[in-house]
Amino acid sequence: CPPGQEGDVQYGNVTDLLAFISRISGTAHGVQAPSLVHLNNETGVLLNKKDMIVQNGHYRLDSEVSLFPWKRNYRSVDSAHIPKGAFGRVHLAEDCVTRKRMACKLIPLEHFRRSDVEIQARFGHENVAQLFGAVLKERTLHVFMEAGEGGSVLEKLDSCGPMREAEVIWVTRQVLQALEYLHGHGVIHHDIKPSNIVLMSAKAVLVDFGLSVQMTEDVYIPRDLRGTEMYMSPELVLCGGHDTKTDIYSLGSTMIHMLTGSAPWVRRFPRTAYPSYLYIIHKYAPPLEEVPDSCSNPLRSVLHSALHRNPALRSSASQLLQHHALHPTTNQT
Ligand SMILES: Nc1nnc(-c2c[nH]c3ncc(-c4c[nH]c5ccccc45)cc23)o1
């Protein structure tokens, strides 16, 4: 980059970031936005003025910010666990001046969905990975976010096996706090699963909002099938319309994965023999028979409420947060 050539990375607020996202959304779909004519230059909006230092309108890789592979949280994790979203790989990033550590998701412009950024920009919550900004460089969008350096719940499960009940309760409560907030604003995440829950020292956060939607009616009529099959609700599989309760079912499926170490269905219907689980999810009762015998009755009751086949009878995030099983007292064994 010739010295003195100004970049176009600016500090701004959420409104500025959403305006930038709207401009590149047009570019992503072939419409060349005039203000982005220099796609080989950098352009973007950073929300985090304290920790991210822009130099002459630049926030360049290896100059202003460095990317690193994530440190392995568990020895046995193979490279397959390098975090990746629906359409982008996630790296550990560090600001070269402030040393602020972040996550940086690289999304090719042709795969970019507004919801990848818009939902996290508009709906901040302590259990939703905080968005720090987005920079477009050479047709790749770099999305900077809060980093869960403890890795994902999936990485922990694949390395350490089934989680203890107290750990399952803690993660479930963290996710329910995020879902209570998102669902209260009509946002459906659509991909609740262990790899989209990342761990930090004192909390867990939801990540990967690339499939999320904000409902404008009481029922969301999908144009495509969204999510990861093993965790999908029966009503989502039927494509007849669904609402935020689909995330609750996916959380119930995630709880089974945390308690057993395996995703629901796969032990009874091995992936080698069943390329798709959609028919199984539609035809069979919810996978409550996979709840281990060791599971306490109170937590079993939470699973019954979260995995109810009828979304109208399924508990909401707010209702589950009131469940006594999710507030164990220290004197309970
Ligand atoms: N798909 C997606 N979209 N946004 C994120 C994201 C935001 N902050 C993060 N922090 C950590 C990880 C992460 C996932 N698996 C891991 C394994 C080891 C270490 C870290 C991780 C992922 C993120 O992920």
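Helix 6 passes helix 8 in a left-handed crossing, meaning that the near helix is turned anticlockwise from the far one by less than a right angle. Helices (H or I, at least four residues) and strands (E, at least two) are DSSP runs, numbered from the N terminus. The model is predicted, so local features need pLDDT of at least 70 and side-chain atom pairs count only at pLDDT 80 or more, while totals for chains, interfaces and linings use all residues. Residues are numbered from 1 along each chain as its sequence is written, and side-chain values use heavy atoms, with hydrogens and water left out.

The axes of helix 6 (residues 245-260) and helix 8 (residues 297-306) come within 8 Å and cross at roughly 145 degrees. Here axes are lines fitted to C-alpha atoms, for helices over the stretch in contact, and angles run from 0 to 180 degrees between N-to-C directions. Helix 6 contributes Ile248, Tyr249, Gly252, Met255, Ile256 and Leu259 to the contact, and helix 8 contributes Leu299, Val302, Leu303 and Ala306; contact means heavy atoms within 4.5 Å. These residues divide into 9 nonpolar, 1 polar and no charged, where Ala, Val, Leu, Ile, Met, Phe, Trp, Tyr, Cys and Pro count as nonpolar, Asp, Glu, Lys and Arg as charged, and the others, Gly among them, as polar.

Because 16 of the 16 residues of helix 6 are buried, the helix is largely enclosed by the rest of the structure. Buried means under 20% relative accessible area, exposed over 50%, and partly exposed in between (1.4 Å probe, protein chains only). After helix 6 comes Gly261, with a positive phi near 90 degrees.

Leu206 and Leu299 have the most contacts inside the largest nonpolar core, which has 52 residues. Such a core is a set of buried Ala, Val, Leu, Ile, Met, Phe, Trp, Tyr and Cys residues joined through side-chain atoms within 4.5 Å. Helix 4 (residues 165-184) gives the most to this core, with 8 residues. Not counting residues up to four places away in sequence, Leu299 touches Glu165, Val168, Ile169, Met255, Leu259, Ala325 and Leu326. A second, separate core of 16 residues includes Ile24, Phe112, Leu136 and Val143.

Val65 lies in strand 3 (residues 65-68) and counts as buried, at 0% relative accessibility. Its C-alpha atom is separated by 5.1 Å from that of Cys96, 31 residues apart along the chain.

Overall, the protein has 9 helices and 11 strands, and buried residues make up 52% of its 333 residues.
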